[in-house]
Amino acid sequence: MAMASKVTTFKSLATAIRIATRPGGPSMVERAQAVPRLVKAVRSGEYTGTSVGRLLMIAGAAGYLVSPVDLLPEALLGAFGLADDAMVGSWLAAQLVTETEAFLEWERATGRGSGHGAGPRTPADAVPGEVVDDASRGGSVPPRA
């Protein structure tokens, strides 16, 4: 893999980590629970923020990581054998975070989904320090303490 491609992969991973760990964002559990809904919404054509092809690439990357078949076997190449797994894992993590981020945002905006990710945010479900729009009170208000 070319150096520029490796740098791009790690930049994507760094961005995904920043997104995934920001205060008030969806937890990793929420993201994991959103994946089946994401797949269903994409397959039905309801959600157009990603494609079936992209979801297949994500599934293929996950399969590659858990598969005993490896392009660069760790037993023969040691640390170099882990490099391909690290690149695929980095790409997979970045894709899962960015795809679920966009999907959960779509669910909130459209009122679809269930639980924390559904519907617009209100002061009652805000995290400490988050300011949300509460139209019933005439604008943005700080969350409850």
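**Helix 3 and helix 5 in a predicted model**

**View 1. Crossing of helix 3 and helix 5.** In this predicted model, the axes of helix 3 (residues 52-66) and helix 5 (residues 79-110) come within 10 Å and cross at roughly 140°. Because an angle counts as roughly antiparallel only over 145 degrees, and the range of 65 to 115 is kept for roughly perpendicular pairs, helix 3 and helix 5 are therefore classed as oblique to each other. The handedness of the crossing, in which helix 3 passes helix 5, is left-handed.

**View 2. Residues in the contact between helix 3 and helix 5.** Helix 3 contributes Arg54, Met57, Ile58, Ala61, Ala62, Tyr64 and Leu65 to the contact, and these are met from helix 5 by Asp84, Asp85, Val88, Gly89, Trp91, Leu92, Gln95, Leu96 and Glu99. Sorted by class, the contact of helix 3 with helix 5 comprises 10 nonpolar residues, together with two polar and four charged ones.

**View 3. The protein chain around the helix pair.** The protein chain holds five helices and two strands, and its elements follow the order α-α-α-α-α-β-β when read from the N terminus. Of the 145 residues in the protein chain, 31% are buried, while the accessible surface of the chain amounts to about 8,900 Å², with 66% of this area belonging to carbon and sulfur atoms. When contacts in the protein chain between residues at least 6 apart in sequence are considered, 47% of them join residues at least 24 apart.

Note on methods
Residues are numbered from 1 along each chain as its sequence is written. This is a predicted model: local features need pLDDT of at least 70, side-chain atom pairs count only at pLDDT 80 or more; totals for chains, interfaces and linings use all residues. Side-chain values use heavy atoms; hydrogens and water are left out. Axes are lines fitted to C-alpha atoms, for helices over the stretch in contact, and angles run from 0 to 180 degrees between N-to-C directions. Helices (H or I, at least four residues) and strands (E, at least two) are DSSP runs, numbered from the N terminus. Angles under 35 degrees count as roughly parallel, over 145 as roughly antiparallel, 65 to 115 as roughly perpendicular and the rest as oblique. A crossing is left-handed if the near helix is turned anticlockwise from the far one by less than a right angle, and right-handed if clockwise. Contact means heavy atoms within 4.5 Å. Ala, Val, Leu, Ile, Met, Phe, Trp, Tyr, Cys and Pro count as nonpolar, Asp, Glu, Lys and Arg as charged, and the others, Gly among them, as polar. Buried means under 20% relative accessible area, exposed over 50%, partly exposed in between (1.4 Å probe, protein chains only). Accessible areas come from the Shrake-Rupley method with a 1.4 Å probe; for residues, only the protein chains shown count as cover.
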